[in-house]
Amino acid sequence: MTSPPGGFTPDDIRRSKSLDPMGQAARPSTRPPSPRLVALAEAMGGPQSRPPYSPVVLAGVVRMVEFVLLCAVGFLIHEVYVAPLSDSSVAYVAMILIVGALSIIGFQAVHANSVTAFRAPVTFGLRVAAVWTFVFLAALAAIFFLKLEGTFSRVWLLSWYGIGLAALLLERGAISMVMRHMSRIGRLDRRTVIVGGGAPAESLLTAFGDQSETDVRIIGVFDDRDDDRSPDVVAGYPKLGNIDDLVEFARHTRLDLVIFTLPITAEQRLLQMLRKLWVLPIDIRLAAHINKLRFRPRSYSYIGSVPVLDVFDKPIADWDVVSKWVFDRLVGALALLVLSPVLLVIAIAVKLDSKGPVLFKQKRHGFNNEIIEVFKFRSMYVDQLDYVVSKQVTRGDPRVTRVGRFIRRTSLDELPQLFNVVFWGNLSLVGPRPHVVHATAADRAYDEVVDGYFARHRVRPGITGWAQVNGWRGETDTSDKIQRRVEHDLAYIENWSIFFDLYILLITPVALVKAENAY
């Protein structure tokens with residue numbers, strides 16, 4: 001995460017309680033959301049509508065495709081024409097790989113690997129052709145000066161250049177059609193809202209409107225002011241509400257980006273807003289196009305041609321999303337296969353121990369507060385099942401069956417959640433544990449006990465997590481227990497990596513053996 005010049009970090013926002021006039025930590029409003037906002041959110045497809053494809057991932061995939069394409073053309077021509085006539089295959093392999101790699105580096109250098117470039121095959125196709133030609137001429141010069149003329153077939157070189165160039169241009173044309181289709185169905189659009197009205201917001205919206213190619217789809221404007229400085233319509237976009245409305249709106253539909261148009265000097269006002277928004281799984285940027293204070297160009301990131309300062313990023317984005325998805329599916333499927341005998345034995349034991357179904361589903365909070373259903377082995381007598389956890393299970397609880405006590409203490413009752421991971425994808429192997437809807441600690445809702453509680457929902461919940469392997473699992477009968485659990489969840493989110501997930505998975509069995517407060 002990159003902090004703006006104001007120096008905001010998650011800790012700054014979580015700890016800045018003095019900003020609230022009542023001296024309490026800011027929390028999302030509990031009032032019902034506006035029916036108008038709910039209707040708009042539902043029209044946009046709900047909170048789990050399909051997210052946009054990552055431009056970073058798309059560019060990476062195209063780079064890999066083009067490298068494979070160029071190498072495949074070179075190898076194919078070699079096999080058809082050169083292989084029967086020459087034994088110098090090693091030199092050809094080296095030539096193909098080096099020229100292919102240098103070409104991909106060249107495409108990146110001329111900015112031909114971006115969604116904007118993919119949408120303009122003619123303009124950027126010329127750049128691709130120029131790079132391919134330059135790399136080939138450089139390779140021919142190297143062959144001449146190294147006196148390797150007799151090593152490589154001239155027919156092969158000329159054929160590889162011509163067919164390779166044609167393949168690149170055809171591939172770019174196909175990618176352009178795919179990108180345009182993605183644009184039409186909204187898979188490249190980042191749903192964006194502007195925070196702050198008046199002239200700064202109008203200037204920003206005009207700047208976006210002047211760009212012919214952009215992935216920003218403006219939904220509307222939110223502002224905490226109700227005076228003349230914040231009109232109901234800004235540059236043709238409606239004012240949808242204030243910051244509390246924005247938080248509720250983001251709970252009902254997918255938002256990808258929030259851009260503040262406030263000046264950097266409005267530090268207190270920014271912090272007040274950020275303390276409400278940082279719990280959302282969105283990118284937050286501060287528009288820099290109208291600020292009089294100028295930094296070096298590298299200090300900014302750019303949305304199209306509009307400079308912005310990065311405030312918060314989604315905790316897991318771009319290639320991290322891909323790697324975690326692959327990790328969850330592969331390791332989850334392997335675990336399901338290996339543990340299938342254990343699942344079968346537990347299912348038989350649950351069935352023989354008491355009447356009723358082997359599994360039951362429970363509603364819990366998932367990513368971005370989405371309500372999901374998770375599977376568990378039934379551990380209570382069927383007539384005493386508590387789907388909403390109106391009363392937490394305690395030591396010696398008579399509602400729990402004999403088999404239930406064992407599988408709860410060892411967390412074996414959670415194993416069916418592997419189905420959630422592998423088939424439904426609403427759980428990860430590792431992440432903050434999904435809490436039951438309306439769960440309480442010391443008779444108070446979790447979000448009333450812990451400031452920033454909803455920030456743990458910025459990532460997909462998991463079967464196991466950093467809090468659980470550190471002993472913070474089971475009953476949350478005190479405020480301190482849920483506070484410590486959330487602290488570990490937030491530490492996990494801010495320090496996530498695949499290796500961290502792997503480490504947590506490896507130590508989970510040891511942590512379960514040592515567990516003391518799971519009944």
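This is a predicted model: local features need pLDDT of at least 70, side-chain atom pairs count only at pLDDT 80 or more; totals for chains, interfaces and linings use all residues.
Local features need pLDDT of at least 70, side-chain atom pairs count only at pLDDT 80 or more, and totals for chains, interfaces and linings use all residues. Residues are numbered from 1 along each chain as its sequence is written, and side-chain values use heavy atoms, with hydrogens and water left out.

Helices (H or I, at least four residues) and strands (E, at least two) are DSSP runs, numbered from the N terminus. An open sheet is formed by 8 strands in the order β3-β4-β2-β1-β5-β6-β8-β7. The pairing is mixed; two strands pair if DSSP finds at least two bridges between them. β3 (233–234) and β7 (301–303) stand at the edges. Each has a single partner strand, so one side of each is left without a neighbour in the sheet. β3 pairs with β4 (residues 237–241) in the antiparallel sense over 2 bridges. Valine 233 stands opposite proline 238 in β4.

The model has 18 salt bridges (a side-chain nitrogen of Lys or Arg within 4 Å of a carboxyl oxygen of Asp or Glu). One of them joins aspartate 244 and lysine 276, with the closest N and O atoms 3.3 Å apart. This pair links helix α9 to helix α10 (residues 267–277), across 32 residues. Aspartate 244 is buried at 17% relative accessibility, whereas lysine 276 is partly exposed at 22%. Buried means under 20% relative accessible area, exposed over 50%, and partly exposed in between (1.4 Å probe, protein chains only).

Glutamate 414 forms salt bridges with lysine 376 at 3.8 Å and with arginine 433 at 2.9 Å. Salt bridges that share partners join Lys376, Asp413, Glu414 and Arg433 into one network. Glutamate 414 is buried at 13%, lysine 376 at 7% and arginine 433 at 7%.

Threonine 253 lies in the loop between α9 (243–252) and β5 (257–260). This residue is buried, with a relative accessible area of 0%. Its side chain makes a polar contact with the side chain of arginine 191 at 3.1 Å. A polar contact is a pair of N or O atoms within 3.5 Å; within protein, one must be able to donate a hydrogen and the other to accept it, and residues adjacent in sequence count only if both atoms are side-chain atoms.

Methionine 64 lies in helix α3 and is partly exposed at 49% relative accessibility.
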